[in-house]
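My plan is to look things up one by one and jot down what I find.

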Amino acid sequence: MARLVMKFGGTSVATVERIKNAARHVKREFDAGNQVAVVVSAMSGKTNELVAWAKEAAALHDPAEYDVVVASGEQVTSGLMAIVLQEMGLPARSWQGWQVPLYGSDAHGSARIEGVDGAGILAGFDRNREIAVCSGFQGINPRSHRIVTLGRGGSDTSAVALAAGLKADRCDIYTDVDGVYTTDPRVVPKARRMDKVSFEEMLEMASLGSKVLQVRSVEIAMVQRVPTYVRSSFDDPDNPNPGTLICDEDDIVEQQIVTGIAFSRDEAQITLRRVADKPGVAAAIFGPLADANINVDMIIQVVSDDQATTDITFTVPTADYERAKGLLESKHDSIAYQSLQGATDVVKISAIGVGMRSHAGVAARAFRALAEKGINIRAITTSEIKFSVLIDAAYTELAVRTLHSLYGLDAA
């Protein structure tokens, strides 16, 4: 007997019919003798509808009341799932985030998980193997006793945190894809599903553009060492595919140099020309951006021939581009730059793989291959297990396909 958490995303529970299909996956695991907790998202499109209602009610609304509104989507799904499971003759009940309870910080709309107390769910397991159907995305602040939500994709985070709190043997994330692929199959038809990928690689993929899992869920899985599967809810419940296991690096026998190619279109480039090259100038630029909660990614500094000025290039999320540009323009006198240039028609392409630790020249091969295709690199960043390049958006598909083939990731 195993203890597991099964999470179903919005597309997997978009209609009552799909909820019934997801319930068949739950029944399979229950019939196998497992203890099962289920985490559900809101039905596809419902959260957007709830957000729109809150904005229609008041443009500047109370964040705490906003959380009350948007958390209701998952409450509906958990109740419906419990009803369906009961109709199938299974012992099931719904749990809201505050009932578990899942504790979160007081940052309404983007709370961080502070802890999970699954004693009630465990008691249900011991009593009659009761299936706990939990509302994802939500929790309660232990000090204010108000409902808090975890931000978009928060149901993934809820599921992995619950798995850690229940000391589950694994966490299965059911979505509309049957696993983690070497890159987006819509861009590279030869992309293949991976049987296993390490926590570190998945964390890089999630942060660099892969939409399969939410970044914080991977962080928790890695820290708590929760084996996590990505599986498809649209598989036949009686004969499902195995999906992709996210696990420790030591659990992967054959490790490739490069595991996957990720890309993010959510990038904008800003360049400050002829900034005074003196101590404190970087702080004058990036300090205000940090204070405004604008995330800066790739940073390149090039000192001019006269050694007196420098050009500084960096990227920010596209949604923050205008705000970052306006903020820097307001700081023109204190930063003392000659001109500000920007571009939003750029994309970040990344290659990820723990095998890079022990192999030299991995990035150099990519630079050469991109150059042969006539693709200019605007910026480069590297870490121990990945490198990223910023290029013109028009070359996205060509660059992804080039690197995917270069590192032998095309399906045989």
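These are my notes, grouped by topic.

**Ground rules**

I am working with a predicted model, where local features need pLDDT of at least 70, side-chain atom pairs count only at pLDDT 80 or more, and totals for chains, interfaces and linings use all residues. Residues are numbered from 1 along each chain as its sequence is written, and side-chain values use heavy atoms, with hydrogens and water left out.

**The cores**

I began with the nonpolar cores (a core is a set of buried Ala, Val, Leu, Ile, Met, Phe, Trp, Tyr and Cys residues joined through side-chain atoms within 4.5 Å). For burial I use relative accessible area: buried is under 20%, exposed is over 50%, and partly exposed is in between, with a 1.4 Å probe and protein chains only.

Which residues touch the most other members of the largest core? I wrote down Val5, Ile121, Cys134, Leu162, Cys171 and Met202, out of 37 residues in that core. Next I listed elements that each supply at least two residues of this core: strand 2 (35-40), helix 5 (119-128), strand 6 (131-135), helix 6 (154-165), strand 9 (170-175), helix 7 (199-207) and helix 8 (215-224). Helices here are DSSP runs of H or I with at least four residues, strands are runs of E with at least two, and both are numbered from the N terminus. Apart from this core I found another one of 23 residues, including Ile349, Met356, Ile375 and Leu409.

I then checked two members for contacts (heavy atoms within 4.5 Å). Leaving aside neighbours within four places in sequence, leucine 162 is in contact with Val5, Ala37, Val39, Val100, Val116, Ile121 and Cys134. Cysteine 171 sits in strand 9 and counts as buried, at 0% relative accessibility. With neighbours within four places again set aside, cysteine 171 contacts Val5, Ala159, Val160, Ala163, Val226, Pro227, Thr228 and Tyr229. I also looked at cysteine 171 and isoleucine 246: they are 75 residues apart along the chain, and their C-alpha atoms are separated by 9.8 Å.

**Helix 6 and helix 8**

How far apart are the axes of helix 6 and helix 8? I noted 8 Å, with a packing angle of about 15 degrees. Axes are lines fitted to C-alpha atoms, for helices over the stretch in contact, and angles run from 0 to 180 degrees between N-to-C directions. So helix 6 is roughly parallel to helix 8; the labels are roughly parallel under 35 degrees, roughly antiparallel over 145, roughly perpendicular at 65 to 115, and oblique for the rest. The crossing of helix 6 past helix 8 is left-handed (the near helix is turned anticlockwise from the far one by less than a right angle; clockwise would be right-handed).

On the helix 6 side I see Asp156, Thr157, Val160, Ala161 and Ala164, meeting Arg216, Ser217, Ile220, Ala221 and Gln224 of helix 8. I sorted this contact into five nonpolar, three polar and two charged residues. In that sorting, Ala, Val, Leu, Ile, Met, Phe, Trp, Tyr, Cys and Pro are nonpolar, Asp, Glu, Lys and Arg are charged, and the others, Gly among them, are polar.

**Helix 9 and helix 10**

My other pair is helix 9 (residues 281-291) and helix 10 (residues 321-330), whose axes come within 10 Å and cross at roughly 135 degrees. Helix 9 and helix 10 are therefore oblique to each other, and this crossing is right-handed. Ile285, Pro288 and Leu289 of helix 9 make the contact with Ala324, Leu327 and Leu328 of helix 10. I count six nonpolar residues there, no polar and no charged.

I found a cis peptide bond from valine 100 to proline 101, with omega near -10 degrees. Proline 101 lies in the loop between strand 3 (92-95) and strand 4 (102-104).

Asparagine 293 is not a glycine, yet has a positive phi of about 60 degrees. Is asparagine 293 buried or exposed? I have it as exposed, at 68% relative accessibility, in the loop between helix 9 and strand 15 (299-303).

Alanine 336 also has a positive phi, near 65 degrees. Alanine 336 is partly exposed, with a relative accessible area of 36%.
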